[in-house]
Amino acid sequence: MTKNTTTTRTVLISGASVAGPALAHWLRRHGFVPTVVERAEAVREGGYAVDFRGEALDVLDRMGLLERIRELDTEMGDAAMVDAEGRQYATLPAVIFAGDLEVLKGDLTRMLYEATRDDVEYVFGDSIASLTEDEHGVEVTFERGAPRRFDLVVGADGLHSRTRALTFGPEEQFVRHLGIYTAIFGLDNYLGLQNTGRLHAAPGRAANIFTARANSEARAAFHFAAGHLEYDRHDRAGQHCIIAERFADDGWEIPRLLQEMAQASDFFFDANAQVEMDTWSKGRVVLLGDAGYCAGPTSGRGTSQALIGAYILAGELAASGGDHTRAFAAYEREMRGYVTEHQALGREGAERFFMPAPTQEILDMLAAQAPECTRTTPIRLRDYGASLSPESAAAAAAVGTV
């Protein structure tokens, strides 16, 4: 059978966090017609601060968003390590936990959505129910909407990807737990902190609070060590109970933070985990970001992987003239080594996450080593605009992107 490499134009993207809208941006620029479906009723707010390093900054610059993102930098400084009475015993240098640029994930997600919503179809409050592929495309049914047909489907729907489950199998086959659970939520900056944070650690658990949005708000987090837990991911009250049981006897600001957690509208709770797969594509379906190769929060690389993966996947589809078989293979070839290094960082970070109360000497040593310890092999970012196939160049010109 001869593949038609000139008609792959419509692409369904599941997930409107970071990877999905970033991919939609690049696909549209290359002349494709992306549709983004998102289970949530609107763009998700809240979330922790995310870091950008190296080539991810280059991608943001090529998107024309870097300067706008810089305006949202948390400008986070060093943080204080405190004991159960709130007394500071050490200073945690920002270089250990922040990247070259740090913004709230919710701010990044909203900016990506606002940058693409005029040219990209977004369908909120729905999700993929089934995928049926044939030689010409993929028939997609949805939980709410009418069935539709697309040339390709991209799963950018995170650690618990529905797209991955439908195409490759249950998540137990691919998700590797790192032994840590985390809860994150927003609250008032009631401590009056200024571009800083407070951290309290006990054996197997930790809590922190950091300022956000020019010190007008704060974000707090609980972390605890545990093996695989059985719980309902949609039962927020049950998740609150899990956290409260583990921190019930702790001092510092823990009682107040537990109260704030119960009232937070943006509460998020999940395991720290990685996704390990032999391949990220099957037929006309491909995975992007955490859905295919989550490195875990302890890697500090998840957002960078999402942005870079989106750039490369869209670029390879354009360079191949829409031949998804060639494009998916090239995308994985470009990304695989980069991902492998970051997943190693994630595992190493998880192993030392709950270190005993560190001395200032140890923290200063870690700060001095941070640039070297977090350095990974650079990934090559091709100029895909210079390598478009004639078909892709014509399609891009037709929508006014070149």
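Predicted model: local features only at pLDDT ≥ 70, side-chain atom pairs only at ≥ 80, totals over all residues.
Figure 1. At 1.5 Å a residue, the twelve residues of α5 should span 16 Å, and the end C-alpha atoms lie 17 Å apart, which agrees. The helix covers residues 105-116. Its buried residues are Gly106, Asp107, Leu108, Thr109, Met111, Leu112, Tyr113 and Thr116.

Figure 2. Asp107 lies in helix α5. Its relative accessibility is 14%, so Asp107 counts as buried, the limit being under 20%. Apart from neighbours within four places in sequence, Asp107 is in contact with Leu72 and Arg213. Arg213 belongs to the hairpin of β14 and β15, where this residue takes a positive phi near 50 degrees.

**Figure 3. The open sheet of seven strands.** The strands follow the order β5-β4-β13-β14-β15-β12-β16, and their pairing is mixed. At the edges are β5 (88-92) and β16 (268-275), each of which pairs on one side only. On average, neighbouring strands of the sheet are turned by 25 degrees against each other, direction ignored. Helix α7 (residues 236-247) packs on the sheet and touches β12, β14, β15 and β16. The direction of α7 makes about 75 degrees with that of β15.

**Figure 4. Strand β14 and its partners β13 and β15.** Strand β14 spans residues 205-212. Seven of its eight residues are buried, so β14 is largely enclosed by the rest of the structure. On one hand, β13 (residues 197-202) runs antiparallel to β14 and is joined to it by six bridges. Arg198 stands opposite Ile209 of β14 in this pairing. The hairpin formed by β13 and β14 has two residues between the strands, and Gly204 in the turn has a positive phi of about 75 degrees. On the other hand, β14 pairs with β15 over eight bridges, in the antiparallel sense. Here Ala206 stands opposite His223 of β15. Four residues lie between the strands in the hairpin of β14 and β15.

**Figure 5. Strands β12 and β15.** Strand β12 (residues 175-187) and strand β15 (residues 217-225) run antiparallel and are joined by eight bridges. Ile184 has Ala221 in β15 as its bridge partner.

**Figure 6. The largest nonpolar core and Met335.** This core holds 68 residues, of which Phe52 and Met335 touch the most other members. Helix α10 (residues 302-319) gives the most to the core, with eleven residues. Neighbours within four places in sequence aside, Met335 is in contact with Trp280, Tyr293, Gln305, Ile308, Gly309, Ile312 and Ile379.

**Figure 7. Met277 in the loop between β16 and β17.** Strand β17 comprises residues 281-282. Met277 has a relative accessible area of 6% and is therefore buried. Not counting residues up to four places away in sequence, Met277 touches Arg164, Phe168, Phe174, Leu287, Ala291, Gly292 and Arg336. Arg233 is 44 residues from Met277 along the chain, and their C-alpha atoms are separated by 23 Å.

Terms used. Residues numbered from 1 in each chain as written. Heavy atoms only, no water. Core = buried A, V, L, I, M, F, W, Y, C linked by side-chain atoms within 4.5 Å. Buried < 20%, exposed > 50% of the residue type's maximum accessible area, 1.4 Å probe, protein only. Contact = heavy atoms within 4.5 Å. Pairing = 2+ DSSP bridges. Axes fitted to C-alpha atoms, helices over the stretch in contact; angles between N-to-C directions. Expected span 1.5 Å × (residues − 1).
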